[in-house]
Amino acid sequence: MKYYITTPIYYVNAKPHIGHAYTTIAADVLARFYREKIGKENVFFLTGTDEHGLNIQKKAGDAKKFPQTFVDEISQEFKNYWEKLDIKYDNFIRTTDEKHKAAVQKALQALYGKGAIYKGEYEGCYCVACEQFKNEKDLVEGRCPDHDTVVETIKEESYLLRMSGDVQKNLIEKIKKNEFKIAPEKYKKEVLSFLESQELHDVSISRKNVSWGVTLPFDPEHTTYVWADAFLNYLTGLGWEGDSNKLPFQWPADVQLIGKDILRVHATIWPIMLMHLGIPLPKMLYVHGHILSRGRKMSKTLGNAISIDEMLEKFGVDGTRYLLMSAGTFGEDVDMTMERMVEKYNADLANGLGNLVSRIIKLSAGLDIEIMKSEYDPIQWNKGFFEGLRLDVAINRIWYHFIGKNNKYIEDNKPWELAKINEDKFKEVMQKLISDLYLISDLLVPFMPDTSEKIKKALEEKRAEILFPRIR
Ligand code: MSP
């Protein structure tokens with residue numbers, strides 16, 4: 001068995017915010033769980049940065065920097081934040097890597113050779129922030145609904161990727177049969193109803209006047225801009241060199257995590273490129289909702305983003321990971337405010353987990369008992385929820401079944417009193433508490449790796465630091 005998981009690659013127009021951290025932490029949680037389950041040599045977790053296109057070219061110009069200098073700096077920021085958030089990826093792909101570009105050119109040449117890409121003209125409304133042509137009917141008063149920006153009308157020579165006919169029919173079949181699974185179910189329905197209601201338009205994959213991109217090998221006047229270049233990261237990130245007959249063993253991806261804003265392109269252009277190339281499709285696209293702030297998608301463009309630094313400073317690394325993963329149903333939008341996060345931190349971490357650990361460690365001072373292993377296997381206990389990507393359930397049920405209940409068990413049994421009047425009963429109560437705390441530390445490995453280690457260490461040394469200081 002192997003497990004290959006990817007995140008989208010992030011645009012390097014600004015440093016990451018908690019929306020980006022959300023996807024990346026989720027992927028890290030899954031990768032960590034599977035490393036425990038099937039061994040770390042069988043797991044591959046890929047993330048990276050998407051560095052080409054008009055938007056980034058413009059942003060670099062605004063900052064009075066060469067595009068390469070600009071993307072080097074911001075890509076490094078992403079790496080720094082992922083390190084701060086304890087994210088352990090197996091590779092970080094950058095679309096400006098020479099090897100990536102060479103592989104993209106090879107793949108595009110193959111598509112051109114097969115007639116899947118042809119020269120034509122494209123006319124449409126372009127949203128620079130999306131780096132996408134938009135359908136007229138998706139616009140709101142001439143503006144992009146996601147970015148609130150005015151779209152540009154562009155008419156120019158372009159290379160196009162064939163999207164309709166057999167390839168569209170086959171795609172619909174594969175989605176229906178879950179060969180190319182789109183989850184949660186509502187997103188699958190959304191994609192199918194879109195695909196079944198119209199013939200797909202061929203999509204533009206090149207621009208003539210965007211220098212910051214990968215040059216088309218068959219027409220050096222054109223560069224391919226973000227999407228065609230970006231999708232292939234999922235293969236080049238494994239070391240793929242652009243040859244459809246030589247695929248890395250990790251392919252196909254087991255799970256590709258994406259935000260709902262990029263579902264349509266991932267469910268159309270990406271699989272269709274692969275089908276033209278004769279490469280198997282990823283097994284699953286898992287779509288999550290957005291982190292909202294004041295009711296709208298948190299984004300740099302809208303200026304409503306909560307910074308990762310602010311969260312790290314207040315809640316620490318594991319506190320931040322906890323708050324993001326437990327915030328709401330994975331798959332649905334989640335509205336986050338600082339006030340609510342502080343409240344949840346105090347309730348679940350300072351009072352909940354932190355308090356449980358410090359009480360158990362204090363009560364076990366001087367106690368000499370043999371610890372019995374819990375009857376639950378930590379991998380089995382949450383396995384189904386990881387497989388189904390119910391990450392919020394997987395984490396919340398640790399709190400429900402073991403943290404909340406054990407805090408209550410302590411209050412009901414008052415071990416500090418038992419210690420004075422009934423030693424056997426005291427030991428029995430402590431046995432359960434300690435073995436449950438070991439189990440909790442195992443269950444926390446994917447979500448809060450550092451806390452998990454600290455709990456184990458506290459149990460061994462019978463000494464605990466304050467894990468989550470209360471915020472006032
Ligand atoms: N570069 C493209 C993706 C190419 S993948 C081949 C892109 N980049 S992005 O930086 O704009 O967004 C990438 C992903 O970041 C989104 O799909 C989503 O997964 C995540 N998020 C960005 N803002 C987000 C929120 N406010 N909330 C949750 N996730 C968000 O699109």
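Reply: Helices (H or I, at least four residues) and strands (E, at least two) are DSSP runs, numbered from the N terminus. This is a predicted model, in which local features need pLDDT of at least 70, side-chain atom pairs count only at pLDDT 80 or more, and totals for chains, interfaces and linings use all residues. Residues are numbered from 1 along each chain as its sequence is written, and side-chain values use heavy atoms, with hydrogens and water left out.

Me: In which helix does L443 lie?
Reply: The helix in question covers residues 423–443. L443 therefore belongs to helix 16.

Me: Is L443 buried or exposed?
Reply: Buried means under 20% relative accessible area, exposed over 50%, and partly exposed in between (1.4 Å probe, protein chains only). L443 is buried because its relative accessible area is 3%.

Me: Which residues does L443 touch, not counting residues up to four places away in sequence?
Reply: Contact means heavy atoms within 4.5 Å. L443 is also 49 residues from A394 in sequence, with 9.2 Å between their C-alpha atoms. With residues up to four places away left out, L443 touches P378, W381, N382, I398 and F402.

Me: Which residue is the bridge partner of R207 in strand 12?
Reply: Two strands pair if DSSP finds at least two bridges between them. Strand 10 (residues 206–207) and strand 12 (residues 219–224) are joined by two bridges in the antiparallel sense. In strand 12, R207 has as its partner T223.

Me: How many residues does the hairpin between strand 11 and strand 12 pass through?
Reply: Strand 11 (residues 214–216) runs antiparallel to strand 12, with three bridges between them. L216 stands opposite D219 of strand 12. The number of residues through which the hairpin joins these strands is two.

Me: Which polar backbone atom lies 3.3 Å from a nitrogen atom of the ligand?
Reply: A polar contact is a pair of N or O atoms within 3.5 Å; within protein, one must be able to donate a hydrogen and the other to accept it, and residues adjacent in sequence count only if both atoms are side-chain atoms. An oxygen atom of the ligand lies 3.1 Å from a backbone N or O atom of G259, and a polar side-chain atom of H288 is 3.4 Å from an oxygen atom of the ligand. The backbone atom at 3.3 Å from the ligand nitrogen belongs to G19.
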